[in-house]
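Subject: Structure for your files

Dear colleague,

The structure is pasted below, followed by notes on what was found in it. Please read the notes with the structure open.

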Amino acid sequence: MFKNQPKGLFALALANTGERFGYYTMLAIFTLFMQAKFKWDESDAGQVYAIFLAVVYFAPLFGGMLADKIGYGKCVVIGLVVMFLGYLGLAIPTGADTTGLVAMFAGLTAVSLGTGLFKGNLQVLVGNLYDDPKYASRRDSAFSLFYMAINIGAMFAPSMARWITDQYLSQYGFVYDAANQDPAYLEALYGSYGLCFGVACVSLVLSAIIYFSCRNWFKHADITLAKAKETSNHVEELTPKQTKDRIIALLLVFAVVIFFWMAFHQNGSALTFFAKKYTNLSIEGGMRFGFNIFSLALLALSVYTGFGFFQSETSKNKIACAVATLASWAGAYLLYSSMADPTPAQPSDFQQFNPFFVVALTPFSMAFFGFFEKKGKEVSAPARIAWGMLIAAVGFGVITMASTNLISPKDLGDSTQSILSPSWLISTYFTLTIAELLLSPMGISFVSKVAPPKYKGMMMGGWFVATAIGNYLSSIPSMLWNKIPLMYNWAILIALCLISAFVMFALLKKLNKMTA
C-alpha cells in the first residue's frame with residue numbers, strides 16, 4: 001500500500017493533513033457560530049456557508065492559472081500566509097455587530113483566496129511526482145493515500161471543536177444545550193467557537209514546517225511546462241485535437257460532479273441541522289464508541305496494521321502487525337469502557353464519521369480495485385464516478401427513511417424533536433463516504449493524468465470550480481429547510497444524484513475513448 005511510493009507524496013500529504021485539520025475544525029462549527037453570534041436562522045447561515053464553500057473551491061481556478069505561470073510551489077507558500085492571516089482575523093474576538101460582521105467576512109475572504117493558492121497547486125505537485133514513468137502506474141493509489149491523509153486531519157477536527165467548546169463553556173458554568181437561547185449562554189458559545197478558528201492558525205504553522213523541512217523530497221515536481229522545456233525535461237506532446245478532446249472530457253466530468261458536491265456538502269449545513277433538531281444527543285450503550293475520536297482512530301489504525309499483517313513478507317513483520325492490531329483493539333475498548341453512559345454529544349460531532357470512514361475504508365477500496373486491475377479489468381475513473389453518484393442517492397435514501405413522520409422544521413421552530421437514534425446519521429455518512437471514495441480521489445487522479453501539460457494548474461482549478469458550484473448549490477436544502485417537509489428536501493438530492501449517475505453511465509464509452 002505504502003510501498004514503492006516517492007517520499008514526496010508523504011511530505012505533501014502530511015502538509016495537507018495539518019491544513020485540513022484547521023479548516024475542518026473551523027467548518028465543523030461555522031454555521032453554529034453564525035447562529036449563536038448573529039442569531040441567524042438555518043436559511044441565512046446555510047447561505048453564507050454555501051457561498052464561503054463556493055469561493056473556497058472556485059479560487060483554485062485562478063490559483064492554478066497563476067501557478068502555471070510563476071510556479072506551483074510559490075503559490076502554495078503564498079497561500080499558507082494568506083490563509084493564516086484569514087484565520088487569525090476570524091479568531092480575534094469581536095461583538096455581534098457591524099464590526100463583527102466585517103471582521104468575519106474579511107477573514108473568510110482571506111481564507112478563501114489562500115486556499116485557492118494552496119489546495120489545487122499542492123495536488124498538482126503530487127500529480128507531477130507520477131509523471132515519472134517509474135511511478136506512473138501508482139498514480140491512482142497515490143491519490144487514494146493522499147486523500148486518506150486529508151481525512152486524518154478532518155477526522156480529529158470535530159472532536160477538537162467539541163473539546164474547546166466544552167472547556168470554554170464550563171468556565172462560565174454552562175454545558176452545551178442546542179435549545180438554550182439565553183444571551184449570556186450564546187455569547188459564551190460563540191466565544192468558544194472563536195477559539196476554534198485559532199486552532200486553524202496553529203495547524204497552518206505545523207503544515208508550513210512540514211512543507212519546508214521536506215521540500216527537497218518533491219522540489220523536482222515543482223515544474224511548469226515552460227520550466228520543463230528550459231531544462232530539456234521530457235514533456236508529453238499532444239496534438240491540438242488531443243488537447244481539445246482531453247479538455248472536453250474533463251469539462252464533462254466537471255459538469256456531472258457538480259451535483260455530487262451539492263448533495264455531499266450537506267454535512268456542515270442540513271445534516272448538522274438535522275443532528276441539532278432531530279437526533280438524540282444523549283448517546284447510550286455501544287453507540288458511545290463512535291463518539292470517542294481516539295477509539296475511532298485506534299480502530300482505523302487497526303485496519304492498516306491488519307492489512308500489513310496479510311501483506312508482510314517476513315514473519316517478524318507479521319508478528320509486529322498482529323501485536324499492533326490487537327493493541328489497537330484493546331486500547332479502543334478501554335477508551336470506550338471509560339466513557340460515561342450516557343455520553344453527551346454535540347451536532348458537530350457527527351462530522352467526524354465521514355473522515356473516519358474515509359481513513360478506515362481506503363485500504364479496502366484500494367484492494368478492491370487492485371483486484372480488478374490485476375485481472376486486467378481496471379475500472380476507469382469515469383465509471384467509478386458514475387457508481388459514486390448512484391451510491392450517493394442511496395445515502396440520502398437512508399436519511400429520507402429516518403425523516404418519515406418527523407415534524408416539519410417550519411412547525412418545529414426553535415424547539416427540538418430529539419428522538420432519532422444517532423445510527424441514522426452515521427449510516428448516512430457511511431454510505432456517502434463510499435460514494436466519495438469512488439468519486440473524489442479518483443477524480444483528482446483523473447485530472448492530474450488527463451490534463452494537457454500547459455493547463456495542469458488551470459484544469460485542477462476546474463475540478464475545484466465544479467466543487468465550488470456544487471458547494472453553492474448545497475445552500476438550496478438550507479433555504480428550503482423551514483419551507484418544505486424534510487423528505488422533500490432529501491428527495492431533491494436523490495433525484496439529482498440519480499440523474500447525474502445515468503448521464504455519466506451514458507457518457508462512459510465516449511469519455512474512455514477521448515482519454516485513451
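Serine 295 sits in helix H10 (residues 293–311); helices (H or I, at least four residues) and strands (E, at least two) are DSSP runs, numbered from the N terminus. Serine 295 is buried, as its relative accessible area is 0%. Here buried means under 20% relative accessible area, exposed means over 50%, and partly exposed lies in between, with a 1.4 Å probe and protein chains only. Leaving out residues up to four places away in sequence, serine 295 touches Phe289, Ala332, Leu335 and Tyr336, where contact means heavy atoms within 4.5 Å. Its C-alpha atom and that of arginine 162, 133 residues apart along the chain, are separated by 16 Å.

Two notes on the basis of all this. This is a predicted model, in which local features need pLDDT of at least 70 and side-chain atom pairs count only at pLDDT 80 or more, while totals for chains, interfaces and linings use all residues. Residues are numbered from 1 along each chain as its sequence is written, and side-chain values use heavy atoms, with hydrogens and water left out.

Glycine 457 counts as buried because its relative accessibility is 2%. Its contacts, not counting residues up to four places away in sequence, are Pro60, Gly64, Met65, Asp68, Tyr72 and Val124. One of these, tyrosine 72, is 385 residues from glycine 457 along the chain, and the two C-alpha atoms are separated by 8.0 Å.

Next, the helix pairs. Axes are lines fitted to C-alpha atoms, for helices over the stretch in contact, and angles run from 0 to 180 degrees between N-to-C directions. Angles under 35 degrees count as roughly parallel, over 145 as roughly antiparallel, 65 to 115 as roughly perpendicular and the rest as oblique. A crossing is left-handed if the near helix is turned anticlockwise from the far one by less than a right angle, and right-handed if clockwise.

Helix H3 (residues 72–91) takes part in two of the pairs described here. With helix H1 (residues 7–38), H3 packs at an angle of about 30°, the axes being 12 Å apart. H1 and H3 are therefore roughly parallel, and their crossing is left-handed. Glu19, Gly22, Tyr23 and Met26 of H1 make the contact with Met83, Tyr87 and Leu90 of H3. By class, that contact has five nonpolar residues, one polar and one charged. Ala, Val, Leu, Ile, Met, Phe, Trp, Tyr, Cys and Pro count as nonpolar, Asp, Glu, Lys and Arg as charged, and the others, Gly among them, as polar.

With helix H6 (residues 183–213), H3 packs at an angle of about 160°, and the axes are 8 Å apart. H3 is therefore roughly antiparallel to H6. H3 passes H6 in a left-handed crossing. The H3 side of the contact includes Met83, Tyr87 and Leu90, which also meet H1. On the H6 side, the residues include Gly194, Phe197, Cys201, Leu204, Ala208 and Tyr211. The contact of H3 with H6 has 17 nonpolar and four polar residues, with no charged ones.

Helix H13 (residues 381–402) has 22 residues and reaches 32 Å from its first C-alpha to its last. That is close to the 32 Å expected at 1.5 Å a residue, taken as 1.5 Å times one less than the number of residues. H13 is mostly covered, with 16 of its 22 residues buried.

Finally, some backbone points. Most residues other than glycine have a negative phi, and most peptide bonds are trans. Lysine 39, in the loop between H1 and helix H2 (42–70), has a positive phi near 60°. Lysine 39 counts as exposed because its relative accessibility is 56%. Asparagine 405, in the loop between H13 and helix H14 (409–412), has a positive phi near 70°. Asparagine 405 is also exposed, at 74% relative accessibility. The peptide bond from aspartate 341 to proline 342 is cis, with omega near 5°. Proline 342 lies in the loop between helix H11 (315–337) and strand E2 (343–344).

Regards
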